[in-house]
Amino acid sequence: MLGAPRLHLREIDSTSDRARDLALAGAPHGALVTATAQSAGRGRQGRVWTAQPGAALSMSVVLRDPPPLLPLIAAVAVAESCGEDAVIKWPNDVLVGGRKVAGILAEGRPHEGWAVLGIGVNVAVDVDGLPEELREKAGSLGRTPAEIEPFLSSLLGALERAFALGADDLLNAWRARDALLGSEISWTGGTGVARGIDGEGRLIVELPGGGRTTLNAGEVHLGRLPAT
Ligand code: BTN
């Protein structure tokens, strides 16, 4: 069961850092760290993750024997919790109305059999109050702070359901919310048109000169959002 034991803190540097320490100290599968505020929230590829205190869900859960498709599993669960109109921008940004409302950071040591799944959701964030560089792309679910806790419960349930899916059903659930499908994208190594994901969760890209390549989430920074 995900969510127990649970450590909730008013303020912490990063819930994922604390969860990692707990994982290394032997915390069981499902142990959860949440915080009202993070002073040093971390995003993917070394980015900073910012939200107003008390306005976002900031959670990290310890997983034992994490499955290989963990980032996709998490994206499907978060998108489902965010609503019918939530889509996934590969690999696992969750967008509503073209704006990012949730981010997912899966870290760990697979060879040691553990991972920490960190999830930040702008449940009640006031986008106008975010730093200027985030305002253009960030979004919010527009709910109230009182709705963060019920959102967490529903997300934990969605995660458990997503973990239980077979690979095909999971990939299909992910593909049904693919925000990039058919869009022109750019990355550090080139440009092309997104053509969905393969069985390992890599992004399939059709290249301008013909032919295809696949992009690996850990190595690529996408430069453009799709037209919405
Ligand atoms: C991203 O989109 O770059 C991933 C953002 C992940 C943010 C969450 S908030 C809870 C957890 N603690 C962190 O420091 N990061 C993750």
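Predicted model: local features only at pLDDT ≥ 70, side-chain atom pairs only at ≥ 80, totals over all residues.
**Notebook: the ligand and its shell**

Residues are numbered from 1 along each chain as its sequence is written, and side-chain values use heavy atoms, with hydrogens and water left out.

I then noted that a polar backbone atom of Arg44 is 2.6 Å from an oxygen atom of the ligand, and that Ser16 has a polar side-chain atom 3.4 Å from a ligand nitrogen atom. On its own the ligand has 420 Å² of accessible area (Shrake-Rupley method, 1.4 Å probe), and the protein covers 99% of that area.

Next I looked up the shell, taking a residue as near if one of its heavy atoms lies within 4 Å. I found 20 residues around the ligand, with Ser14, Gln38, Arg42, Arg44 and Lys100 the closest. By class, 5 are nonpolar, 11 polar and 4 charged; here Ala, Val, Leu, Ile, Met, Phe, Trp, Tyr, Cys and Pro count as nonpolar, Asp, Glu, Lys and Arg as charged, and the others, Gly among them, as polar.

Which element gives the largest share of the shell? I found that strand 6 does, with 4 residues, strands being DSSP runs of E with at least two residues, numbered from the N terminus.

Methods
Polar contact = N/O pair within 3.5 Å; in protein donor to acceptor, adjacent residues only side chain to side chain.
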